[in-house]
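The following note collects points on the ligand site and on the backbone of the model shown below. Please read it alongside the coordinates.

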Amino acid sequence: MDNLSPRLSYPEFDGARNLKESSIVAIGILGIGSAYPDRILTNHDLEKMVDTSDEWIRTRSGISERRICDADTATSHMACDAGRKAIEDAGLKPEDIDLIVVATFSPDTLIPSTACWVMAKLNIPNCAAFDINAACTGWIYGVSTALGLMQNGLARHALVIGADAITKFVDFQDRATCVLFGDGAGAAVLGEVEQGRGFLSETLGADGRMGPNLMIPGGGSARPISQEVLDNREAYVKMQGNEVFKFAVRIMCDSLCGALSKAGLAPADLDWVIPHQANIRIIEGAIKRLDIPRERFIVNIERFGNTSAASIGIAMDEAVRDGRIKRGDLVGLVAFGGGLTWGAAVVRY
Ligand code: UT7
């Protein structure tokens, strides 16, 4: 064809990006990766910063240490590292990715999205890219969003990254929050797999009325940055931890059971459960209620704390690398977080 306008000859507009006619049927995880800062902040370090103790933090939350970004590291740096590893693990190249979804509540900038920063830094030449904010449920929401777009034929290979540099938004004068969180990123490349493998079902939910229990009140359009916002420390995470706690165990169990029943499965069918790593007591409550043996739960909260949207991706990456999760295993993923939001997915890895 001659006379194609220069605009239409851009690669963004080539037929490869329009997959409608060849929509994928089974979608699974082709590759995964994770990344986190080298710097470790221990409970003993925190004892010197706020009125707390190693004993309180370990017994109330299960956390001993967490990773924290230095001043020059932003969410996209960790997201890129995790994303690069996931693309390599999938045996793909950056140019094979045609959708990037970054789940984060701590974007590098309000605009452009962190997904667009990742796209530029990883040299992904043309694709759709956007962020979603489902706080700690971000990894599940991100995967679910990507699956929907892929099932509609809009992408063949999606890079989904849960990444948060939460410690940039944590008040290191507030002992109720600063002991709980850590930074990191977990990524997965989704693509076509053989029938019977891949994601079998998901559930998503939210209750916006419970939003004030976990929020950053300042810095958005409701309370733009001002001296008053800064002085009141409103640009930091505020949390009614015990309110979130009360709701967490029930919602984790209900959403995982919901996803399992959609797939015609029961909790006992799962080889592994990867829960969002918020508090060991929440995870233990879920273990009891779901009646799944403890050794099937992937738990790394002791070393990472709550990494928000990154927690499931980091835990899964570790468990795959150390040989616990193998190809073909049935894995349940479940999370809850700010919003309040919740969600679960069942995947045959
Ligand atoms: O990913 C989703 C995000 N959030 C969560 O998942 C958080 C869910 N909630 C939790 O994990 C727990 O509620 C916390 C770990 C945050 C708190 O545990 P808790 O057993 O619910 O404690 P609490 O908030 O009821 O506080 C008990 C006491 C209070 O003292 P008083 O009022 O009883 O004298 C707090 O002031 O513990 C005190 N406290 C601390 N003491 C030492 C709170 N934080 C600390 C601290 N060190 N860091």
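Which element gives the largest share of the shell around the ligand? The largest share, 4 residues, comes from H8.

This is a predicted model, in which local features need pLDDT of at least 70 and side-chain atom pairs count only at pLDDT 80 or more, while totals for chains, interfaces and linings use all residues. Residues are numbered from 1 along each chain as its sequence is written, and side-chain values use heavy atoms, with hydrogens and water left out.

1. Shell around the ligand. The ligand is surrounded by 21 residues, a residue being near if one of its heavy atoms lies within 4 Å. Thr52, Arg60, His276, Asn279 and Asn306 are the closest. By class, the shell holds 11 nonpolar, 6 polar and 4 charged residues; Ala, Val, Leu, Ile, Met, Phe, Trp, Tyr, Cys and Pro count as nonpolar, Asp, Glu, Lys and Arg as charged, and the others, Gly among them, as polar.

2. Polar contacts. These are pairs of N or O atoms within 3.5 Å. Asparagine 279 places a polar side-chain atom 2.7 Å from a ligand oxygen. For tryptophan 56, the distance from a side-chain N or O atom to an oxygen of the ligand is 3.4 Å, and for a polar side-chain atom of arginine 281 it is 2.9 Å. The ligand taken alone exposes 950 Å², of which the protein buries 71% (Shrake-Rupley method, 1.4 Å probe).

3. Contributing elements. Helix H2 (54-61), helix H6 (175-178) and helix H8 (241-262) each give two or more residues to the shell; helices are DSSP runs of H or I with at least four residues, and strands are runs of E with at least two, numbered from the N terminus. Domain 1 (2-195) and domain 2 (199-348) each supply at least three shell residues, the bounds coming from an automatic or database domain assignment.

4. Backbone points to inspect. Most residues other than glycine have a negative phi, and most peptide bonds are trans. A cis peptide bond, with omega about 0°, links isoleucine 111 to proline 112, and proline 112 is in the loop between strand S4 (99-103) and helix H4 (114-121). Glycine 339 and leucine 340 are also joined by a cis peptide bond, with omega about -15°. Arginine 233 has a positive phi, near 60°.

Conventions:
A polar contact is a pair of N or O atoms within 3.5 Å; within protein, one must be able to donate a hydrogen and the other to accept it, and residues adjacent in sequence count only if both atoms are side-chain atoms.
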